[in-house]
Amino acid sequence: MYGTWHVYQPGEAWRFPERDARLVLQVHDAVAVNFHAPVIELLEERAVPLHRPIATLGPDLLDEAFDADDVLRRFRQPAHANRTIGDAIMDQRIMAGVGNIWKHETLFRCRINPWRTVAELDDDSVRAIIDTARNLLLASVHRPNNLNLTHRPKMFVYMRAGQPCFRCHTRLRRARQAEDIRFTAWCPECQPLQEGQAVLPRQ
Ligand SMILES: [Zn+2]
């Protein structure tokens, strides 16, 4: 997923310049602004079930009826076995909602290296990833009496490559994964590569 949503109070200063805004939704007590989305499509409601990217979305992590067992089964589909978890976690067909920020922060909190393959991870590890991602997303949007984003969870690794890990003080590394042109940052101490690692990071 690319792009980011900010929710502001009317009149509040935006944290990105207006030229980077792609869509602005304004209601009486809030302004939701999308920045940097490469594509925005406006659909009629009846077209939604026929729209392939939406029709094939996995369970929404913010949905009250979210089913973690369903997501675990999706991770276990053979097509995903040899993908890195850093790529698979952002596949919206498996579960919908994790973008680049929460990919970084979920894997760091779970102490899982982004280059481990899905097949290498046991069910408990995949479950921990699903639960952590959901909790982070819920915490980032649930801000009673405060529409500002300043209360979102702390960033441990996202955009911090080259800086010391908050947990162990090791310098955070960064490299590109197979399916994303952006850099992925991780802590080599807290998120170690395993013996027999099948997929090595590209520099
Ligand atoms: Zn660390």
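**Figure 1. Contacts across the protein chain.** Of the contacts in the protein chain with a separation of 6 or more, 60% join residues 24 or more positions apart. Two residues are in contact if their C-beta atoms, placed from the backbone, lie within 7 Å. This is a predicted model: local features need pLDDT of at least 70, side-chain atom pairs count only at pLDDT 80 or more, and totals for chains, interfaces and linings use all residues. Numbering starts from 1 along each chain as its sequence is written.

**Figure 2. Helices and strands of the protein chain.** There are 5 helices and 5 strands. Both are DSSP runs, numbered from the N terminus: helices are H or I with at least four residues, strands E with at least two. Along the sequence the order is β-β-β-α-α-α-α-α-β-β.

**Figure 3. Burial in the protein chain.** Buried residues make up 24% of the 203 residues. A residue is buried if 20 or more other C-beta atoms, placed from the backbone, lie within 10 Å of its own.

**Figure 4. Helix α4 against helix α5.** The axes of α4 (residues 100–109) and α5 (residues 123–141) come within 9 Å and cross at roughly 125°. Axes are lines fitted to C-alpha atoms over the stretch in contact, and angles run from 0 to 180 degrees between N-to-C directions.

**Figure 5. Residues where α4 meets α5.** Helix α4 brings W102, E105, T106 and R109 to the contact, and α5 brings I129, T132, A133, L136 and L137.

Methods: A residue is buried if 20 or more other C-beta atoms lie within 10 Å of its own, exposed if 12 or fewer, and partly exposed in between; C-beta atoms are placed from the backbone.
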